[in-house]
Amino acid sequence: MRLFGRKDEEEESAEEPGDGLAEFWDWWREARPRVDALVEAGAAESLSELIAPAVTAVHPGLVWEVAPGRKAQQALVVTAAGDPELRSLAHRWAKAAPESDALWEYHPSRQANPEAMELTLDVGGYEFALDKLLLGLRVPRGTPRMDIAAFHPVFVMLDEETRMETTLLSLDWLLGEDDVARWVGEITPATFQPIDAVEAVHLPSVIADLASEYAEEQWALLEGQTAGGAPLIATARYPLRPVDYPLYDQHIQITLPYANADENGLPVGESLASLREFEERLAARLDRLHADGVLAAHLSAESTRVIHVYADPTGEAAIHAKELIVSWEEGQPLVDVVTDPGWTSVAPFLS
């Protein structure tokens, strides 16, 4: 049995994530016998009526699903459904879950289905079989993402919204929701077969080939201008994607003024060496001391370097940042800590 819970328009307007994770799992332990009985009976409507209010109490923007499990008989999936503002909440929901057993496992995103090519759905009254799905694949030069044009014979009989929903669901089943977020770029449901289309069964291996090119840590060097027109140089982790760090919704901004700059306000000499040493010490603390944080990007302009770190707020990354700036001697350093689940502060650098 596969069962979905969806947002309605009123629920989508909610902005603040709920904090009822403990309450949900207390409810789950109490309701589990009823849930198991309804699953056994195939009572999908009653099961929805039971689970939906509990998930909504955590946050009305979350989407839930009962799906076949990877090891257990079935899985309860509670997902942000692509909403970056809710991704960390969904992962904290899963982190607080009980141990999986023979009947249930728990996931914060849709998982790839190893039997995806055997699935057949009723879509708008038409039979949608994944083994008839064809994909046009293209990787734009210089990007870590694959654009996909999807075609299925029934698409010519469906409206645009239904075609897109069906395509997105198919990609989730083929790759898993998180890998779609990592590696898939533009998605186009097509009403004609793309040139050089491949069968959908080949998509996971093609994506694996793309991912292998980014298996090792990489950084991108970028140049630009500030709002006032001053030269700016930035270095950002590449690819930079919040989906890789789902619990890191705390933004730590470290601002370091530097004394030695060239005519463009960019660091040189001893200041450049000091900045590099500072970042090395910061990275070492984040890595070796398990501070649950990642150095995402830094930018230099007008005699100031701004370092962006994202971290799990339950960790100690912010403490380490505040400790490290005490040793900075080239001006008054600052550390600002805010909640930023959508990584909006580094939006220009996101891959």
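Before moving on, some ground rules. This is a predicted model, where local features need pLDDT of at least 70 and side-chain atom pairs count only at pLDDT 80 or more, while totals for chains, interfaces and linings use all residues. Numbering runs from 1 along each chain as its sequence is written, and side-chain values use heavy atoms, with hydrogens and water left out. Helices (H or I, at least four residues) and strands (E, at least two) are DSSP runs, numbered from the N terminus.

Still on H3, check its span. Now colour Leu47, Leu50, Ile51, Ala54, Val55 and Val58, the buried residues of H3. Buried means under 20% relative accessible area, exposed over 50%, partly exposed in between (1.4 Å probe, protein chains only).

Next, select Phe24, Trp28, Leu76 and Trp93. These touch the most other members of the 29-residue largest nonpolar core, a core being a set of buried Ala, Val, Leu, Ile, Met, Phe, Trp, Tyr and Cys residues joined through side-chain atoms within 4.5 Å. H2 (21-41), H3, S2 (63-68), S3 (74-79), H4 (87-95) and S4 (104-107) each supply at least two of its residues, with the largest share, nine, coming from H2.

Click on His107 in strand S4. It counts as buried because its relative accessibility is 13%. Beyond four places in sequence, its contacts (heavy atoms within 4.5 Å) include Arg70, Leu76 and Trp93.

Now jump to Leu133, in the loop between S6 (126-129) and S7 (134-138). Is Leu133 buried or exposed? Buried, at 2%. Its C-alpha atom is 8.8 Å from that of Ser170, 37 residues apart along the chain.

Last stop: H5 (residues 160-175) and H7 (residues 203-212), whose axes come within 9 Å and cross at roughly 70°. Axes are lines fitted to C-alpha atoms, for helices over the stretch in contact, and angles run from 0 to 180 degrees between N-to-C directions. The pair is therefore roughly perpendicular, the label for 65 to 115 degrees. Show side chains for Leu171, Leu174 and Leu175 in H5, which meet Leu203, Pro204 and Ile207 in H7.

Key:
Angles under 35 degrees count as roughly parallel, over 145 as roughly antiparallel, 65 to 115 as roughly perpendicular and the rest as oblique.
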